[in-house]
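Trainee: Could you walk me through this structure, beginning with the terms I will need?

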Amino acid sequence: TVVNVAINGFGTIGKRVAEAVTRQPDMRLIGVSKTRPDYSAVVATRILGYNLYVPADKIEEFEKAGIKVAGTIEEMIEKADVIVDATPGGKGAEYKKLYVEKGKPAIFQGGEKADVADISFSTLCNYEEALGKRYIRVVSCNTTGLLRALCTLRKAFGLKWVRATIVRRAADPKEVKRGPVNAIVPDPAKLPSHHGVDVKTVVPDLDIMTAAVVVPTTLMHVHVVYAKLARSATREEVIRVFEEAPRIILVDASLGLKSTADLVELARDLGRRRYDIPELVIWRESITVNGDEIVWIQAVHQESIVVPENIDAIRAIFKLAKKAEDTIRVTDETLGLKK
Ligand code: NAD
């Protein structure tokens, strides 16, 4: 079977998921949608050769700008077996009515409220629970990063509680209107931050509390995580568990990978498209184990970390892979993630 996928909202997340879909043996990209005839609409059509769908009342505007339109967003939805909704936070819930009306399953992003979907999703935690669901919400970048590490530890050792501080990037690189430019902002000052709450939409019984601050950078988020395991472990054991987990890489500050800037430089040197780092990055030196207590520091590339989970979510809807490990194998190989 080949599943026909449409991407509604061709922005930071949408363009990456679109490209990832084109690399899957069991999926076909039937089109992407845009609301404005800007450079990315030109790239999508002329360079990448995607079919472009636009709101009915905008067709003329796109054609005047010399951009070829394949049809309306409604027509795209009709042609698709599944829609990946990557529109701005809150818009997905509005679009859901249309997806339901046309009888199409859909995947939503972390900017939507949890109740937009039948399940909030993160592959390493609850792939099997998502099998056959019609509406799946892939949790946000920070939540995905936390869950990759936490579900890995929980499976290996059990988890009693988790406390984390999220140091958030202020904006994506292309967002010129967001800030702060020169301040550190508690986000929010009243605790807890929503990140731990969001983790619980996937793992409801986990005792987790998070706080967050926003800092003036666009590259990546950084988390400092403290956890109590259900049993004592050694540092070597914990390192082995992280090393063997999919989608997690350990890096060494001693090799010069001391900051998010170094990680991005490495991704550029490796020729990673757009310097994407879909893996969760953990600083090996930071991993500190004291009996059953553990601390570590990790980095999240917000623009790309949720891409593999979006692909897995499509497989879950159509039961194209029965087990997490089966979808992970295909997704990670086709996207060039670490083995
Ligand atoms: P974005 O602004 O980069 O992209 C959104 C796209 O949707 C834009 O191309 C916009 O033109 C288009 N759009 C706007 N209104 C539309 C409409 N009515 N119909 C169709 N398309 C429309 O946003 P993003 O950063 O890709 O975020 C999308 C979702 O992913 C949000 O829920 C966000 O919370 C989530 N998310 C974002 C990040 C991140 O760091 N950027 C990380 C994880 C999850």
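Mentor: Two strands pair if DSSP finds at least two bridges between them. Helices (H or I, at least four residues) and strands (E, at least two) are DSSP runs, numbered from the N terminus. This is a predicted model, in which local features need pLDDT of at least 70 and side-chain atom pairs count only at pLDDT 80 or more, while totals for chains, interfaces and linings use all residues. Residues are numbered from 1 along each chain as its sequence is written.

Trainee: How many bridges join strand E12 to strand E16?

Mentor: Strand E12 covers residues 221–229 and strand E16 covers residues 293–300, and the two run antiparallel. Within this pairing, His223 stands opposite Gln298 of E16. The number of bridges joining E12 to E16 is eight.

Trainee: Which residue is the bridge partner of Val281 in E16?

Mentor: Strand E14, residues 280–283, pairs with E16 in the antiparallel sense over two bridges. In E16, the partner of Val281 is Ala299.

Trainee: Which residue takes a positive phi in the hairpin of E15 and E16?

Mentor: Strand E15, residues 288–290, pairs with E16 in the antiparallel sense over three bridges, and Asn290 stands opposite Glu293. The hairpin has two residues between the strands. The residue with a positive phi, near 65°, is Gly291.
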